[in-house]
Amino acid sequence: MAVVNTIADLAAWLGWYVVPFILILSLIVSIHELGHYLVGRWCGVKIDAFSLGFGPELWARVDSRGTRWRVGALPLGGYVKFHGDANVASVADGAEADPSVDRRLTLAGQPLRNRAAIVAAGPIANFLLAFVIFTGMFMAFGRVEHVARIGRVEANSPAAAAGFQAGDVVKSINGQPIDSFEALQESTLMSTGLPMSFVVDRQGRDVDLTATPKVTVVDQGVFGKRRMGHLGLASSADRSDARVERCGPLTCGAWGAAQEWFIVKATGTYIVGIFAGRESTDQMSGLIGAAQMAGEMAKISFWELFSLAAWFSVSVGLMNLLPVPLLDGGHLAFYAFEGLRGRPLSERAQEIGLRIGIALVALLVVFTTSHDILRLVTNGN
């Protein structure tokens, strides 16, 4: 009976966590690599292989153009291998010295602008995927927003100290107009202990207030601990202050772009906060943490999982733009040096950079994975 229970628990875990994670990861990776593939083809580069996953082949087919489409046994990534590459990191294999290789068909033989476009196409495809998902969900469901009216002010909170009162309607924060309580929350959450200037409408007159959100650490279970700005304001409970907004394609597109921009800003604020000492690495998650998030969203609904895929897609796009050799951003950094110097970096310099990039990425994987395991053990106790 114990063995049966163990097998059942394992099957349930695989069904709720691993499968949803693999599904959204495969979607994100395939779109990312498709960006490289399409722009590469458009620039005239021959594609030797398009792989979803690594390791032994589970399935493969060679199309009429000679591209080998394959599915690997390890579904934790993917790659496009351009003609003339020595490996999946798009390191040239000495094509210049090999007369059998037509450099016009290789990535290395392309003009600088083409190479940059091909490399940048992957992250851009991730941003486009997130935009399409967010826009589509807004078109399908609209969004619920609340008037930026204060329903309650917590005692002894930063908002109480600043002079907020129930009934105030927030009009702007740091000079930027605020049209909903949700926008007020977003601005507050992204403020890591920095003072904020408010203009509120109080019974028909404008009142200027200054408050500094208190940074609190909130344990969100599988989503980890999050350092968030807390003012101590609650929205109005009056039903007339809540509205369900519907949108046409253009408005929904604007909302989708705004949602994506919020993720970019929040990520940038977090990274700057780490270096400034205002943020903690406790918020970082690896593959295990991502799988847990996917499982929890899948338990709620398919649409929540779909929304999470959009968030992950933006994160993958941003991560790949980091100027770290091995990532797309590292290639773009090499191309930037080439554009400034008028000639590419030496093969030796690029090789050293690639090794450093591999080490950095490996360290990040080890750190985030160990952090995920520690969080699992801690939560389990």
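Visitor: How many aromatic pairs does a search of the whole structure find?
Guide: The search finds 11 aromatic pairs. Rings of Phe, Tyr and Trp (its six-membered ring) pair if their centres lie within 6.5 Å. This is a predicted model, where local features need pLDDT of at least 70, side-chain atom pairs count only at pLDDT 80 or more, and totals for chains, interfaces and linings use all residues. Residues are numbered from 1 along each chain as its sequence is written, and side-chain values use heavy atoms, with hydrogens and water left out.

Visitor: What makes Phe164 and Phe198 an edge-to-face pair?
Guide: Their centres are 5.1 Å apart, with 85° between the planes. Planes over 60 degrees apart count as edge-to-face, under 30 as stacked and the rest as tilted. So 85° is edge-to-face. Both residues, Phe164 and Phe198, are buried.

Visitor: Why is the pair of Phe262 and Trp311 called edge-to-face?
Guide: The planes stand at 80° and the centres are 6.5 Å apart, so the pair is edge-to-face. Phe262 lies in helix 5 and Trp311 in helix 7, so the pair ties together parts 49 residues apart in sequence. Helices are DSSP runs (H or I, at least four residues), numbered from the N terminus.

Visitor: Why is Phe262 called buried?
Guide: Buried means under 20% relative accessible area, exposed over 50%, partly exposed in between (1.4 Å probe, protein chains only). Phe262 has 15% relative accessibility, so Phe262 counts as buried.

Visitor: What does Trp311 count as?
Guide: Trp311 is at 33% relative accessibility, so Trp311 counts as partly exposed.

Terms used:
Helices (H or I, at least four residues) and strands (E, at least two) are DSSP runs, numbered from the N terminus.
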